[in-house]
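Work through the exercises below with the sequence and the structure at hand. Try each task before reading its solution.

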Amino acid sequence: SAPRETPGQKKVLSMAMHPTAQQMAEMMVAIHHQMNFCEERIKYNPNDHEAYAAWGSILVHLSIMTEDQEAKGVYLKQAFEKLQKAISLDENAKTHEGELAVFCYGNALYFKFFLEKNDAMAEKYLAKAKTMFETAKKKEPSNPMYSSMVDQLDSAHEQRRATQDQLKRLEGKSDAERQAELRLMQAQMLDGMVENCRAQLQQDPTNSTARCDLGKALFERAMQMNEAGPACEVLREAIKELNSAGPVLDTAVMWVCGVAHQALAAADPASAEENKQKAKLLFAQAASKETDPERRRAFKREREMLDQAIQSWIASFKKPSTKKSKGSKASLSPSSSPPGEE
C-alpha cells in the first residue's frame, strides 16, 4: 500500500517535539520517499485517486513544515493540483489514513488563506475552504474533525491577522531570531486553542471533541516548556482530558495519549515506571488496530524517533531555581518559554 504518516507524526514530530536538524532532515527524506512512492503508483495506474489524495496530503504537510515562504507556496500549489485530481477521479476519494480528499483540499486552501497577503485573494481561499469543509461534513456528518473545522472558521479572520503580524516581524531577522519568534507564535496559538476549548466545555461539558482537542493542545504546549515542574503539570492535565474524551478516543488520540505518558515518564522520574507501562499499553493498542505489517513497522520507527525527540526535550530543561516557591502553578502564557527561549 502507499506510504502514509502514522497517527501522531504530524503533530508530535513536526510541531510539538522541535526536532533537531538531523531529525528534520530524516523526516524530509522520508516525506520525499513517500511522494516518490505515490508517483510510482500513479505511473502504474493513472486513475489511482487514493495515491493522488495521499500525495496531496503529504504536500500540504510539507508546506506547513518548511520555513521557506516561497517553498510553502510551491508545495501548496502542487497540493492543490494533486487533490483536485483525486476529487475529479472520485468525489469520495480518501487518503490511506481515511481522510477525505475534499477535507485535505480544504486544509490546503485554509493554510493558503493565512499566508496570502492580498485580502481579496485571501477571502476567496477562505470561501473555497469553507465549501470543502462543509462538503466533507455532509459526506461524513459523524466525523468530529470535519465538524470542528467548520466551527473554527468563525475565528478565521482574527487568526489570519495574528499570523500576518507575526510573519511581518520575521522579516529581516536572523535564523535564531526567527526560530525564537516562531516558537513564541506557536505558544500563543496553542494558548488560544486551550482557551477556546475550555470555553466550549464551559458551555457544554459533554462536548467530547472539544475535550479531545483540549488534551492535544495541552500536550503540545507542555512539549514547548523548558521547566520540568510546569511541563509535568500540563502533561498530566492533557492526559486527564484525553482519557475523558470518551468515544472520540480513536487511534490518533490514543497515540498522542501514549506519547504524553512517555514524555511524562522522562520528565518525572518518580512516576517513570507507571507512565512507561501506560505508554506501552496505549502504543500496543494503537498498533493492534493496524493489520498492515508495514504500518506496524512504521509505528516502531516512529517510537524510536520519539524517544530521541523526548530526550532532546528533557536536555533543554532549565536547572531548577532555588528561589522558586513550592507548589507554584504551571503557566500557559508565553512566560513558560519554549526550549531555547529566555
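The model is predicted: local features need pLDDT of at least 70, side-chain atom pairs count only at pLDDT 80 or more, and totals for chains, interfaces and linings use all residues. Residues are numbered from 1 along each chain as its sequence is written, and side-chain values use heavy atoms, with hydrogens and water left out.

**Exercise 1. The whole chain**

Task: State how many helices and strands the protein has, and what percentage of its residues count as buried.

Solution: 
- Step 1. Helices (H or I, at least four residues) and strands (E, at least two) are DSSP runs, numbered from the N terminus. The protein has 14 helices and 0 strands.
- Step 2. Buried means under 20% relative accessible area, exposed over 50%, and partly exposed in between (1.4 Å probe, protein chains only). Of the 342 residues, 48% count as buried.
- Step 3. For the surface, areas come from the Shrake-Rupley method with a 1.4 Å probe; for residues, only the protein chains shown count as cover. The accessible surface of the protein is about 17,400 Å², and 52% of that belongs to carbon and sulfur atoms.
- Step 4. A contact means heavy atoms within 4.5 Å. Among contacts between residues at least 6 apart in sequence, 68% join residues at least 24 apart.

**Exercise 2. Two helix pairs**

Task: Describe how helix 4 is placed against helix 5, and how helix 6 is placed against helix 8.

Solution: 
- Step 1. Two packed helices are described by the angle between their axes and the distance between the axes. Axes are lines fitted to C-alpha atoms, for helices over the stretch in contact, and angles run from 0 to 180 degrees between N-to-C directions.
- Step 2. The axes of helix 4 (residues 69-89) and helix 5 (residues 101-115) come within 9 Å and cross at roughly 155 degrees.
- Step 3. Angles under 35 degrees count as roughly parallel, over 145 as roughly antiparallel, 65 to 115 as roughly perpendicular and the rest as oblique. Helix 4 and helix 5 are therefore roughly antiparallel to each other. Residues making this contact include L76, F80 and L83 of helix 4 and Y105, A108 and L109 of helix 5.
- Step 4. A crossing is left-handed if the near helix is turned anticlockwise from the far one by less than a right angle, and right-handed if clockwise. Helix 4 passes helix 5 in a left-handed crossing.
- Step 5. The axes of helix 6 and helix 8 (residues 156-170) come within 12 Å and cross at roughly 135 degrees. Helix 6 and helix 8 are therefore oblique to each other, and their crossing is right-handed. D119, A122, E123 and L126 of helix 6 meet A156, H157 and R160 of helix 8.

**Exercise 3. Residues apart in sequence**

Task: Find how many Å separate the C-alpha atoms of Q69 and L167.

Solution: 
- Step 1. Q69 is in helix 4 and is partly exposed, with a relative accessible area of 43%.
- Step 2. Q69 and L167 are 98 residues apart along the chain, and their C-alpha atoms are separated by 9.6 Å.
- Step 3. Not counting residues up to four places away in sequence, Q69 touches L115 and L167.
- Step 4. A199, in helix 9 (residues 175-203), is partly exposed at 35% relative accessibility. A199 and A210 are 11 residues apart in sequence and 9.2 Å apart in space, C-alpha to C-alpha.

**Exercise 4. Cysteines**

Solution: 
- Step 1. A disulfide is a pair of cysteine sulfur atoms within 2.5 Å. A search of the whole structure finds 0 disulfides.
- Step 2. The closest cysteine sulfur to that of C197 is in C212, at 9.1 Å, which is too far for a bond. C197 is buried, at 5% relative accessibility.
- Step 3. For C257 the closest cysteine sulfur is also in C212, at 9.8 Å, again too far for a bond. C257 is buried, at 1% relative accessibility.
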